[in-house]
Every structure is written in C-alpha cells, then in structure tokens.
Amino acid sequence: MKDEKMAKASDWVEVTVEKAVYGGDGMGRLADGRAIFVPFGLPGEIVWVEIVEEKRGHARGIIREWVSCSPERIEARCRHYGLCGGCHYQHLPYEKQLEFKREVVQEQLERIAGVKDVRVDATVASPKTWNYRNTIQFHLSETGKLGFLEAGSHRVVEISECHLPETVIDEVWKKLEFDSGAGYERIEVSQGADEEALITLYSSSLEMPEMELDLPVSAVQINPAGKVVLAGDDCLWMEVLGRTFKVSAGSFFQVNLGVAEKMVEHVISLIPADRQQSLLDLYCGVGLFSAFAASKVGQVTGVELSESACDDFADNLQEFDNVSLYVGAAEDVLPALTQKYDIVIADPPRAGLQREALDALVKVAPKKIIYVSCDPSTLARDAKRLIEKGYTLAQATPFDMFPQTYHVETVAVFDRSL
Ligand SMILES: C[S@@+](CC[C@H](N)C(=O)[O-])C[C@H]1O[C@@H](n2cnc3c(N)ncnc32)[C@H](O)[C@@H]1O
C-alpha cells in the first residue's frame, strides 16, 4: 500500500495554491516557475496534483490529494459537484465567493487593461444563493436523460439534482423524458412571474422530433426554420422592479431577477435625469435598461440583433414615444450612425465588443459609457482599447448574478477624458 502511494506520488507534483483566478481555478507555481492551474484549489492549500496539460508558459492539473486543507473549505451541497461543469464554488462559503469575484475583476482590469488603482466595489450579493435561476439550459445524454456538460468537455453528465433553478423549473425538469437520440441540442426551462413554465427545445435539424408532454407548461421548438409552438404560449413574463417584460422563447433575459433589480437600479442611478440627453442602449435585448432609462432622458435608441428580442422590445416599450430601435448587429449599425449620443449602455455577450463596434462606438462620442459585462477578461480587453481612445475607467461594480459559479457580472463606468 505504501509502495503504491509512493509510486503514484512520484508522478504528481506538490503545489501550494497561491490565489484564486478567473475561471474558478486556484493558481500555484511549478518548480520551474510556470503557473499551474488547479480546479477547486483554494489559496493556502498544499495539494498533490496530477498534471493533465503542459504548455510552454503554464500547466493544468487535477488535485489528487490534499496535504493541507483551507479552513474556508466547506461541504458542497450537490452530489454532482466536481464532475458537472455548471458550478465551481460550492466548496466556498458565500461571503468568500463574493470576495473572490471582486478580486478577480480587480486583477483582470489591472493585468489586462493595465489600469492601476481602479475603484472596484465590493461584489453586490445575490438575495438568493440557491434556486435563483429563472432559466436553465440542459443537454441530453445519449440515453435521452437531462444533464449538463462536464467541465472542459462535450460529455453530458446525467443529473438527478441541481440547486440553481427556481422551484417551478425544478419540478418541471425532473418530469421531462426524451427518447435516446431525440435530436435536441439543448432543452431550456424557464419560469415566469406567475410561476408559469416555458420549455424551449433547440434543434439544428428541420425534423420535428417526437415529444410527449403531459404537463401544464408551454413548449416551443426552435430550429433553423424558426419557431413552432407545441403547447401554450411562445413567451412568458418576467417582473423587474414592478415592471413586467414579455420574453419570448429565444430572447435573452437576465437569469437572476433579485440581482437584475439591483443592477438595473445601479445602472439607472448612473444616468443623470436630463431631458436634453440622448442614450444609446447597445445589445438592448427585450428592453430592460431602456424601459427604466426612457423617463430620465430625452431620447433612447436600442440596438439588438435577435429578431424575437426586438419584437419583445417593441411590445415592452410601446408606451414611450421617445424610444426607437435598430434591428441589426451593433458592428453594422454603429458605423452607419450619424447622430451623436451623450450616454451609451453596452451589454454585449460574453465575447465583448467587436473591434469594429468599439471603434464606431467611440465615434458616437458619448460622455459616459456604462459597460455591463458578463466576462471580466473581455471587459478588461475592451477597457484597454477604450482607455487608448481617450476614456477613463471611473469605477467597476461586480454583481453576483451567478452564485456557486465563477461567473460574475460587472458594471464598469467609462468617462470621456479628452
Ligand atoms: C447580455 S444580453 C443583454 C440584453 C439586455 N441588455 C438585458 O439586460 O436584458 C446581450 C444581447 O445582445 C444581443 N446580441 C448578440 N450579438 C449582438 C450583436 N452583434 N449586435 C447586437 N446585439 C447582439 C443578444 O441577442 C442579447 O439580447
């Protein structure tokens, strides 16, 4: 037994985890000075690591044994934790998750954007740390069971529990059954304000896979030809700060309403009430920010690519006569704009602002850009570019939209300094 352990250990390296990095990993150093990234490693822990990937500048490894454990470490709630790629921080007390997220945003901005002494506020906590998601996407295993992708892989981990979705979703997903090879790439289950549920089935083929549904829910199939309503409605309603938003199958909406409310309040507080001002809401979705900004400024213009989100935007903002919308990609719409705007809200997908979009955005000459980001690394890349173009990063506020995961939403404010 002793020999076996010695033999295994000789293939492993001992690592002292120095810090938490973006992506949920802990980072330490190998003897040759290269960084090594280990999932689930906490600062201060000494661990035996099996190296699974080696690059010139860094390596990745899996913790095989703990020499010393962090006193912060707690028991994970979910039985699939560690294998399922959905959660990364269940082994950390919630207060510590918030601290890590603040540090990560600060580190990314300092290292990638090259800004020093930027004001990064404490992470705004989520009112719910479990069962907070109003939408969740599953994949189907080969046997037709619902699951999530394994970390860093396309393999589906079949699940029997998940502690992130809201209660109605949790009741619905457990009753869903599919034939093996059902032909759906993703199954999304959403919960609206009246606790109604909507199932959206995404398929890349034009065939309509068979499905039996014996539940009081709406169901929509989305394939390359468009949407087919299988049961009930093709949308549901979400409530934020007392306002109801229509959200159709396929349209984006913030997944954690408690945090969305805090984020909207923060974003809107950054906009001075001034009827002389114009505001551009880039990547506006179904109109979440526009709806609260429209009564503060003289003119709001949205830009959104998704047709279903644009239809929802038109419905959600029909009471305002100072709101208009461009349907199209920001990188195509922005260069064609002739009007200048005083304030821009930009809430792009994870990839951040495309180069053409950022260059054209600067020509729109806003005094203030409120950048809402779901990826601090692309935020930091874009911050560097905006600073080169004459903007100053005034402040950044992380919001914990996704407890138990490494993901973090950040609202960063850029002021024009030239
Ligand atoms: C992170 S969501 C933000 C939506 C909205 N601001 C909200 O809070 O509900 C990003 C939105 O950008 C849209 N989008 C993606 N790529 C786009 C592009 N190239 N140009 C314009 N909109 C795009 C998506 O359809 C989605 O609605």
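The structure is a predicted model, in which local features need pLDDT of at least 70 and side-chain atom pairs count only at pLDDT 80 or more, while totals for chains, interfaces and linings use all residues. Residues are numbered from 1 along each chain as its sequence is written.

The protein chain is assigned domain 1 (2-68), domain 2 (97-127 + 256-416) and domain 3 (135-237), with bounds that come from an automatic or database domain assignment. Between the C-alpha centres of domain 2 and domain 3 there are 30 Å.

We turn next to the ligand. Around the ligand there are 18 residues, of which Tyr 283, Gly 285, Leu 305, Ser 306 and Asp 347 come nearest; a residue is near a molecule if its C-beta atom, placed from the backbone, lies within 6 Å of it. Two or more residues of this shell are given by each of helix H5 (288-293), strand S17 (297-304) and helix H7 (330-336). Such elements are DSSP runs numbered from the N terminus, helices being H or I with at least four residues and strands E with at least two. The shell holds 12 nonpolar, 3 polar and 3 charged residues, where Ala, Val, Leu, Ile, Met, Phe, Trp, Tyr, Cys and Pro count as nonpolar, Asp, Glu, Lys and Arg as charged, and the others, Gly among them, as polar.

In an unreviewed UniProt entry, the annotation "binding site" covers Gln 254, Tyr 283, Glu 304 and Asp 347; such annotations may be inferred rather than shown by experiment. Glu 304 is found in strand S17 and is buried, because 27 other C-beta atoms lie within 10 Å. The cut-offs, with C-beta atoms placed from the backbone, are 20 or more other C-beta atoms within 10 Å for buried, 12 or fewer for exposed, and partly exposed in between. Beyond four places in sequence, Glu 304 touches residues including Tyr 283, Gly 285 and Phe 313, contact being C-beta atoms, placed from the backbone, within 7 Å. Asp 347 sits in the loop between strand S19 (343-346) and helix H8 (355-363). Asp 347 also counts as buried, because it has 22 C-beta neighbours inside 10 Å, and its contacts, leaving aside neighbours within four places in sequence, are Tyr 283 and Val 372.

Finally, we come to helix H9. The buried residues of H9 are Pro 376, Leu 379, Ala 380, Asp 382, Ala 383 and Leu 386. They pack against helix H2 (94-112), H8, strand S20 (368-373), strand S21 (391-399) and strand S22 (409-416). After H9 comes Gly 390, with a positive phi near 105°.

Conventions
Contact = placed C-beta atoms within 7 Å.
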